[in-house]
Amino acid sequence: MTIRNWLFGGIIITALIGLGTWLYHNPASLFLQLFVTILIAGIIFLVIRAFMGRKQGFKESRSYAKAAKFSKKRYEQPRKSAHTIKSSKRPLRRKSSAHLTVIEGKKGKKKDRAIF
């Protein structure tokens, strides 16, 4: 074992002995101290979470809601009523579901080999 492990073990054993004696001599004070510590840590955690979550999550949640609404509109099937007569016209062209853009590059231009 290294000196670091012995040091860490010694600190843990000393802390357990001190906790045991505190529990033996004054248990009410120990539980009160633990309760106050947990309460303060919880309050600090909630305050930090409220401020940090509001700054980061607000834009993300708003963007997500907007995207979900757009997706729902896009994929929503129109309701057909039973009384509607089917028309015999066919659509001229179906729209593609993928919205892709072709980017024209410099296909004809050769690289100048002298630059390398």
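Biologist: Which helix does L32 lie in?
Modeller: Keep in mind that this is a predicted model. The protein chain has two helices and zero strands. The one that runs over residues 27–75 takes in L32, and that's helix α2.

Biologist: Is L32 buried or exposed?
Modeller: The cut-off for that label is a relative accessible area over 50%. L32 comes in at 53%, so it counts as exposed.

Biologist: How much accessible area does the nonpolar patch with L32 have?
Modeller: L32 sits in a surface patch with other nonpolar residues, including F35, I43 and M52. Taken together, the patch members have an accessible area of about 1,100 Å².

Biologist: And how many residues of α1 are buried?
Modeller: Helix α1 covers residues 3–25 and reaches 33 Å from first C-alpha to last, close to the 33 Å expected. To be buried, a residue needs under 20% relative accessible area. α1 is hardly covered, and among its 23 residues the buried count is zero.

Biologist: What percentage of the protein chain's residues count as buried?
Modeller: The protein chain exposes about 12,900 Å², with 65% of that from carbon and sulfur atoms. Out of 116 residues, the buried share is 1%.

Notes: Residues numbered from 1 in each chain as written. Predicted model: local features only at pLDDT ≥ 70, side-chain atom pairs only at ≥ 80, totals over all residues. Heavy atoms only, no water. Helix = DSSP H or I, 4+ residues; strand = E, 2+ residues; numbered from the N terminus. Buried < 20%, exposed > 50% of the residue type's maximum accessible area, 1.4 Å probe, protein only. Areas by Shrake-Rupley, 256 points an atom, 1.4 Å probe, with all protein chains shown as cover. Expected span 1.5 Å × (residues − 1). Patch = residues over 30% accessible without salt bridge, like charges linked within 9 Å, V, L, I, M, F, W, Y side chains within 5 Å. Salt bridge = Lys/Arg side-chain N within 4 Å of Asp/Glu carboxyl O.
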